[in-house]
Amino acid sequence: MPDGREVNRFTLRNAHGMTATVCEFGAVLVSLEMPDRHGQVADLTLGYDSLEGWLGNTSYLGATVGRFGNRIRDGKFSLDGNTYQLATNNTPGGIPCHLHGGVKGFDRVLWKGEVRDNSVIFRYLSPDGEEGYPGNLDVTVTYTLTEENELLWEAKAVTDAPTIVNLVHHTYWNLSGDPRQSINDHFLQINADHFLPTDAGLIPTGERAVVAGTPMDFTTPRLIGERVNADFEALHLAGGYDHCWVLRAGDGMRLAASLFHPPTGRKMEVFTDQPAVQCYGGNFLDGSILGKNGHSYAHRTGLCLETENFPDAPNQPSFPSATLRPGEVYQHKMIHRFTTEPTV
Ligand code: GLA
């Protein structure tokens, strides 16, 4: 690190040609390599070649985001009669809000990593008042690569004072393995009948809108590029797909979304225990990031599938609670399951 602290990275491998590399800085997923249907191995994630690159990661590539993933209106919330003001570090539509944990969120801190079997466990102690959030928060994030070709990301947190938590994994996926290609030719399916419309500041209005009959309907697999430029208010406001879909109700782990790239046959299914998934189609990528292998990341060359609680939940009583109290354990698990499909 610039201040001399050591940074470690770890590579997990399985017997099927998959590798996952993770790093203590930001608890990021540095890369995920996987064969296509012909055995051709490629890295399916956007990122950087060196720590210097990751230090300048302002687009949350591969990151573990916290304490609160996505947006909080005006950067303000109240809890037990106290009002907290967080950084307003994002201004969509010129309207300031809090995004992804603030100026120095969990994506920009140094975690401590430890290897256990086929897992890496990262731990970070976030002090009371960090980025304006109350309570000392003790956080662990565990990455596991299984012999079933699954990458697990599991987050846990405990606090010593009431606070809010919504930890999010923010990898940008491109199943082609070539980040110069758009994700518009991927098929996406989302297990959701409703999405959360936003205002111009990309904060949910509180409405749960029906997806049926709109370009937000991914209940069956659809090409991302087919309707991304449709004349539809939600797409205009966000500049494409960048919304929270409310997952069909259910207990425990269930399918949130699946992504399929026909030319390579690669498929990724994301399972979660969370109530929602933010699908962000890389609309803010504009070619200015110089990523791995000297490639710059152009508009819509990565898709994030961020399982989560609803954005702005601390300010919206009709949304699931994001409050964590002493004695409770915040838990969030996501499984990325990779397969290949034969040529059809
Ligand atoms: C999230 C948000 C997007 C954008 C990206 C980071 O996925 O939904 O609006 O802020 O993070 O660039």
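Q: Which residues surround the ligand?
A: The shell holds Y60, N70, R71, L99, H100, H170, Y172, D242, Q278, Y280, F284 and E306. Remember that the model is predicted.

Q: How does that shell divide into nonpolar, polar and charged?
A: There are 5 nonpolar, 4 polar and 3 charged residues around the ligand.

Q: How far is the side chain of R71 from the ligand?
A: One of its polar atoms lies 3.0 Å from a ligand oxygen.

Q: And Q278?
A: There the distance is 3.2 Å, again from a polar side-chain atom to an oxygen atom of the ligand.

Q: What about E306?
A: An N or O atom in the E306 side chain is 2.7 Å from an oxygen atom of the ligand.

Q: How much of the ligand does the protein bury?
A: The protein buries 95% of the 300 Å² that the ligand exposes when taken alone.

Q: Which pocket does the ligand sit in?
A: The largest pocket.

Q: Switching to sheets. What is the strand order in the sheet of 9 strands?
A: The order is β10-β11-β12-β13-β27-β23-β22-β17-β20. The sheet is open, and its pairing is antiparallel.

Q: Which strands stand at its edges?
A: β10 (112-116) and β20 (222-223). Each has a single partner strand, so one side of each lacks a neighbour in the sheet.

Q: How many bridges link β17 and β22?
A: They pair over 4 bridges, in the antiparallel sense. β17 covers residues 187-190, and β22 covers residues 254-261.

Q: Which residue in β22 is the bridge partner of F187?
A: F260.

Q: What about the sheet of 6 strands, what order there?
A: β16-β25-β24-β21-β18-β19. That sheet is open, with antiparallel pairing.

Q: Its edge strands are which?
A: β16 (172-173) and β19 (209-210), and each pairs on one side only.

Q: How many bridges does β18 make with β19?
A: β18, residues 192-196, pairs with β19 over 2 bridges, in the antiparallel sense. In that pair, F195 stands opposite A209 in β19.

Q: Now backbone geometry. Where is the cis peptide bond?
A: Between G66 and R67, with omega about 5°. R67 is in the loop between β5 (63-65) and β6 (71-73).

Q: What is phi for N70?
A: Phi of N70 is near 70°, a positive value in a residue other than glycine. N70 is in the loop between β5 and β6. N70 is also one of the residues that surround the ligand.

Q: Why flag those two features?
A: Because most residues other than glycine have a negative phi, and most peptide bonds are trans.

Methods. Residues numbered from 1 in each chain as written. Predicted model: local features only at pLDDT ≥ 70, side-chain atom pairs only at ≥ 80, totals over all residues. Heavy atoms only, no water. Near = heavy atom within 4 Å. Polar contact = N/O pair within 3.5 Å; in protein donor to acceptor, adjacent residues only side chain to side chain. Areas by Shrake-Rupley, 256 points an atom, 1.4 Å probe, with all protein chains shown as cover. 1 Å grid on protein atoms, 1.4 Å probe; cavity = no way out; pocket = protein on both sides within 12 Å on 5 of 7 lines; lining within 4 Å. Sits in = over half its atoms within 2 Å of the grid points. Nonpolar A, V, L, I, M, F, W, Y, C, P; charged D, E, K, R; others polar. Pairing = 2+ DSSP bridges.
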